[in-house]
Amino acid sequence: MSLKENLQSIKEEIGAEEQFLESIIKGERFYKKYKKYIFSGAILIVIVAVGYTATNIIKNRNLKISNQAYEKLIKTPNDSEALSTLKDKNPSLYSVFLFQEALKKKDTATLQKLSEDKNNQFLSDLASYELAQMKNTKDVKSDLLNGFVLLEDGFDLLKQGKQTEAELKFAQIDPNSPLADIVKNLEHYQVKSK
């Protein structure tokens, strides 16, 4: 009986080794058949990884250079080299710097130029709002600041005692706007102060 068991275990071991060899041969055939695709895929992955890493390094370097240029401009606003560097490396930060300087100097020409910038809609809206404030007009065409302009107009009307007109201005503000809470507080305060 022990000889039969030994033969059986030897057959099982041979069967396992045979399956192992068979899977190795299948793997080798698969590798030979798709070798070009495997190498192409590996090379593509390496190229993408190197490109991604290089892009991040360049972005970080440009960010560092533009931040250093911005720091120089804060200390010495007339530094033309730092201004040029900032304009080349980070146009958005360059526009923000121009906006800050235009506000300090009350430079309507620069604000007008920034208000027409289509690349930075938020800064464009802020520039047009500030320009309107400098010119004492309420003609601000801005999706972002429209609610704020209405709130400011309504508040001015409340200060003049024109509650009905103020409520009409407040009603034009979108109820989902973050300004809606401020409007409710103003209306509540106005009712309480009567």
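Modeller: Helices (H or I, at least four residues) and strands (E, at least two) are DSSP runs, numbered from the N terminus. The model is predicted, so local features need pLDDT of at least 70, side-chain atom pairs count only at pLDDT 80 or more, and totals for chains, interfaces and linings use all residues. Residues are numbered from 1 along each chain as its sequence is written, and side-chain values use heavy atoms, with hydrogens and water left out.

Biologist: Where do Lys159 and Asp156 lie?
Modeller: Both are in helix α6, three residues apart, about one turn of the helix. A salt bridge here is a side-chain nitrogen of Lys or Arg within 4 Å of a carboxyl oxygen of Asp or Glu.

Biologist: Is Lys159 buried or exposed?
Modeller: Lys159 is exposed, at 59% relative accessibility, while Asp156 is partly exposed at 26%. Buried means under 20% relative accessible area, exposed over 50%, partly exposed in between (1.4 Å probe, protein chains only).

Biologist: How many salt bridges are there by this rule?
Modeller: Five. One of them joins Glu101 to Lys105, with the closest N and O atoms 3.9 Å apart.

Biologist: And is Glu101 buried or exposed?
Modeller: Glu101 is buried, at 10% relative accessibility, whereas Lys105 is exposed at 57%.

Biologist: Other topic. What is the angle between α6 and α7?
Modeller: About 170°, with their axes 8 Å apart. Axes are lines fitted to C-alpha atoms, for helices over the stretch in contact, and angles run from 0 to 180 degrees between N-to-C directions. The two helices are therefore roughly antiparallel, the term for angles over 145 degrees.

Terms used:
Parallel < 35°, antiparallel > 145°, perpendicular 65-115°, else oblique.
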